[in-house]
Structure formats: C-alpha cells, structure tokens
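User: I have just opened this model and would like to go through it with you. Please start wherever you like.

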Amino acid sequence: MQKMIESLLVANRGEIARRIIRTGRRLGIRTIAVHSEADGALPFVTEADEAVCVGPANPAQSYRNAEAILDAARSTGAQAIHPGYGFLSENADFARTVEGAGLIWVGPGADAITAMGDKINARNLMAAAGVPVAPGTTEPASDLDAAVAAAAEIGYPVMVKAAAGGGGMGMGVAADEVALRTEYDKVRAFAERMFGDGSVLIERYFPRVRHVEVQILGLADGRVVALGERECSVQRRNQKLVEESPSPAVSPELRERFLAAAVRAGEAVNYRNAGTVECLLVPRQRDLKGDSSGVDEFFFLEMNTRLQVEHPVTEYVYGVDLVEEQLRVAVGLAPTFDPDALTPRGHAIELRINAEDPKRFLPGPGAITAWNEPSGAGVRVDSGYVAGNTVTPFYDSLMAKLILTGDTREEAVQRARAAVAQFEIAGPKCNLPFFAELLENQEFLSGDYDTGIVSRMH
C-alpha cells in the first residue's frame, strides 16, 4: 500500500515555499527549506522543520544550483523534492536527476516537461491531438528570410516568440515586414541570452484577446481531469497581475469545449501531476451597435508543467488543496476528491502584490518597515515577507498574493476593495494603488475586458 511522503525538501523561496510548507505541516510531513544567503531571515526558512543555505544571492548559485539542492536533500534525509514554480520547476534534466538519485519528484515526468517546453513542438503535438492552435509555423524560422516568408503566409500582424520562452518573456509583435525584421533579431538575441536557445516561431497575433487557462491534474491512475478555468487577462508586459475563476467571459458551452481540449492536451503527453493549459480566447466580433456575430474561438498558447502562481483561485472554487493533490499523485495515491463529481462553487480573485511602481511597474525593492495584512471572511493572504524583511533585487518582485472569495463575482470584488484598503506595506514600492484603481474600473467591473486593459488605464 502506498504511503504519503514523510519528508519534503522545498526547492524554492518566498510565498510559494511558505505555501508548500503549510500543506506539509498539515499532513505531518517533515519539511526542509533551502535558501540563499540573502533569504535567511524570510518566514519560509523559520517555518520549515529544517533549513539549509545553498549559496549566494545569485539564483544561479543557489535556487538554480541543482547539485547544491541535491546535496541538501541528501544531508537532511529528504524523501521528495517539490520545486514550486520558476527556478528548476520545468527543468527536465533536474527532474531526471532527482529521480535518478532515488528521490520522489513532485511534478510531471521529465518527458512531459521536455515535450511541452519547446513551443513549436508543443504546438505540433496539440494540433495532432485535436487541440485548436493559432495559425503559425510548425518548425523554427531558421533565419530572417524564413520568418518573412512565414509571416506573409500567416498574415500580419504576427507574434514573434522564443520557442523556449515562458512567463511572458521573449515575445514581440510585428504589424508589417519592417517591424518583423526588427523584432526577429531582438527576440532571437533575447532567447539566446536568456534560454540558451535562439529558436523563434511566428504565429498570428490577435490584437483583442483574453488570456484564459485551464487547471489540469494528471492522476496516479492515468486519468487527466480539468478543474475549471482561470481568467488572466489583467497583465503588464505580458505578465499577469490579476487572475479570477471562473472567467466572466466563458459560457457553459465554451467551458465544456475548453476543459475537454485541456484534458486532450494532458492525455497527449501522458501527463501526471498538476499543470496548466494556457489559451488565447478570441471573442466573437461585435459590430458598431454592439451586436455579436460568429462564435468565441480559443487557441492553445502553451502548457506550464508545474504548479501555477494563481492556483489558489482554483483551490477555492473546487474545494481542493492542489499541493496535497500533487503530493498524492507523486506517490501513487488517489485524489481526495471524486474526479467524476467535480463541482465549482462561488468566485475567487487573486491580486499579485508586487514590489513595483504602480504606474510604470518597474521594480522597487527595499526594507519593509510596516506589513499589516487584511483578514476576515473571504480573505486569504499568501505572503513571503513580514515587517523587518528586505525585498532584494535578486528575485521576482512578488511579495504576496491577496485572494478574495465570495458566492458571486460582485461579492469577491467588494471584499477585494476592502482588503486592498486594509493592506499596509511600507518601505519598498508597491502596486496596491493600481489595484485600488482597477477595482473601480468599469471595464474590469463589467467583466468584459481583455489583455489591453492595463495599457488603457495608463
């Protein structure tokens, strides 16, 4: 009979490490934190049962240092490694190394990570599985001439994307050939520098779209289930600021199509554990009187082979602890829920509280002199810091996630307004004023918004 993990090393930092440790503690699992020299005073370090410093502040020498993390696992007797998100979470070589060392990898198999890590390969796999994909290249544009030829066939405007990219990085839009020539060189150079792979793909760009994703979970028995969708269209620089579930744009009929496609995507790569299928939703066209014609279309964007930052909104709507489900899948246990009776309830909204300027969204690290979190019915805060800590420039600017829930979207929004007003953070720059503005924005309140909403606000 399979048993739950007894000791777990969390190969991450900040709020997500703290979040994983919290579930581990509830399940009676001994948790081990790894941390850089810069993070020794953060809450996740003291809340774990053990902690090991794995190197200097530079992530390459600490959180991305696979050998140092494996040494920490060996020295503490860890049975399993949970990578969180970012850092080594989607590194197939690391996943293989962990399992090769006799440890349990809390994530999808290395083959699935590899298959979905290259955007062109992923697009081709999804098309073969019957998942809608936007018009685009089926192999890398090997040079500028190939990119120009592909764009002419696809039709402008086009998106120029790093095949190995992710997290909204390595993308550019070209409205014509002149712009394409500039963007191609820019994206290729960025991709080589950031990902060590300069492969570029060209696909159709849709100027007014929504970003909607589906949470999937590949179970130990081989089934793949979908736990609803999340709306992620409030973005700056192609990176998310707000997520909500369910999406106000998705009808029951569209939801059925969305979830079925996401399950097919997971089945195509024999997916196990938690993952997210991200899509572009192209709303039906409206005429000048506001009347609609045609149907909503959606296209596969990419698959994130890990736990997402925004997983808490799904946890509320479906009443599950996704970290616990990840741990159960990793050791072959059945889920805590009935896969045939998944029923959503209520509404949840997540606001990413970042150490950044609320207008230009530029990072603003600094020492935290005050930190007072909101509380009350329908309020959850997943934070990585407390007063006295310092937000350093070495890592992502995310300080906390503010999750608001309610029976309806309107109730969740109302709670969000109150919580944003109550949340006190002093020291580093903070984007709380942006959320106060967004929560009064009529476009957002109507639910009829797209990925351009932030640019229209500023």
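User: Where does Pro246 sit?
Analyst: Pro246 lies in the loop between β11 (239-245) and α9 (252-268). Helices are DSSP runs of H or I with at least four residues, strands are DSSP runs of E with at least two, and both are numbered from the N terminus. Please note that this is a predicted model, in which local features need pLDDT of at least 70, side-chain atom pairs count only at pLDDT 80 or more, and totals for chains, interfaces and linings use all residues. Residues are numbered from 1 along each chain as its sequence is written, and side-chain values use heavy atoms, with hydrogens and water left out.

User: Cis or trans for the bond from Ser245 to Pro246?
Analyst: That peptide bond is cis, and its omega is near -5 degrees.

User: And what about the bond from Tyr156 to Pro157?
Analyst: The bond from Tyr156 to Pro157 is also cis, with omega near 0 degrees. Pro157 belongs to the loop that connects α7 (144-154) with β6.

User: Since β6 came up, what is the strand order in its sheet?
Analyst: The order is β7-β6-β8 in an open sheet of 3 strands with antiparallel pairing. Two strands count as paired if DSSP finds at least two bridges between them. β7 (171-174) and β8 (200-204) are the edge strands, each with a single partner strand, so one side of each has no neighbour in the sheet. On average, neighbouring strands of this sheet are turned by 25 degrees against each other, with direction ignored.

User: How many bridges join β6 to β7?
Analyst: There are 4 bridges between β6 (residues 158-162) and β7, and the two strands run antiparallel. Lys161 is placed opposite Met171 of β7, and Val160 is placed opposite Gly172 of that strand.

User: Which residues of β7 are on its covered face?
Analyst: Gly172 and Ala174 form the covered face, while Met171 and Val173 form the uncovered one. In a regular strand, side chains alternate between the two faces of the sheet.

User: Which helices lie across β6 and β8?
Analyst: Helix α6 (residues 119-128) lies across β6 and β8, at about 45 degrees to β8. Helix α8 (residues 177-195) lies across β6, β7 and β8, and runs at about 20 degrees to β6. The axes are lines fitted to C-alpha atoms, for helices over the stretch in contact, and the angles run from 0 to 180 degrees between N-to-C directions.

User: Changing topic: what is phi for Asn238?
Analyst: Asn238 has a positive phi of about 65 degrees, although it is not a glycine. Asn238 sits in the loop between β10 (224-236) and β11. Its relative accessibility is 39%, so Asn238 counts as partly exposed. Buried means under 20% relative accessible area, exposed means over 50%, and partly exposed lies in between (1.4 Å probe, protein chains only).

User: And Asn270, buried or exposed?
Analyst: Asn270 is exposed, because its relative accessible area is 58%. Asn270 is in the loop between α9 and β12 (273-282), and its phi is positive, near 50 degrees, in a residue other than glycine.

User: Where is Thr305, and is it buried or exposed?
Analyst: Thr305 lies in the loop between β15 (297-304) and α10 (311-318). Thr305 counts as buried because its relative accessibility is 1%. Leaving out residues up to four places away in sequence, Thr305 touches several residues, including Ser89, Pro108, Met116 and Tyr271. Contact means heavy atoms within 4.5 Å.

User: What does Ala265 contact?
Analyst: Beyond neighbours within four places in sequence, Ala265 is in contact with Met126, Val131 and Val277. Ala265 is part of helix α9, and it counts as buried, as its relative accessibility is 0%.

User: Finally, how many helices and strands does the chain have?
Analyst: The chain has 15 helices and 22 strands. Its radius of gyration is 21 Å, close to the 23 Å from the globule rule for 458 residues, so the chain is as compact as a globular protein of that length. That radius is taken over C-alpha atoms, and the rule is 2.2 Å times the number of residues to the power 0.38.

User: What share of the chain is buried?
Analyst: Buried residues account for 57% of the 458 residues. Along its principal axes, the C-alpha trace spans about 60 × 50 × 45 Å.
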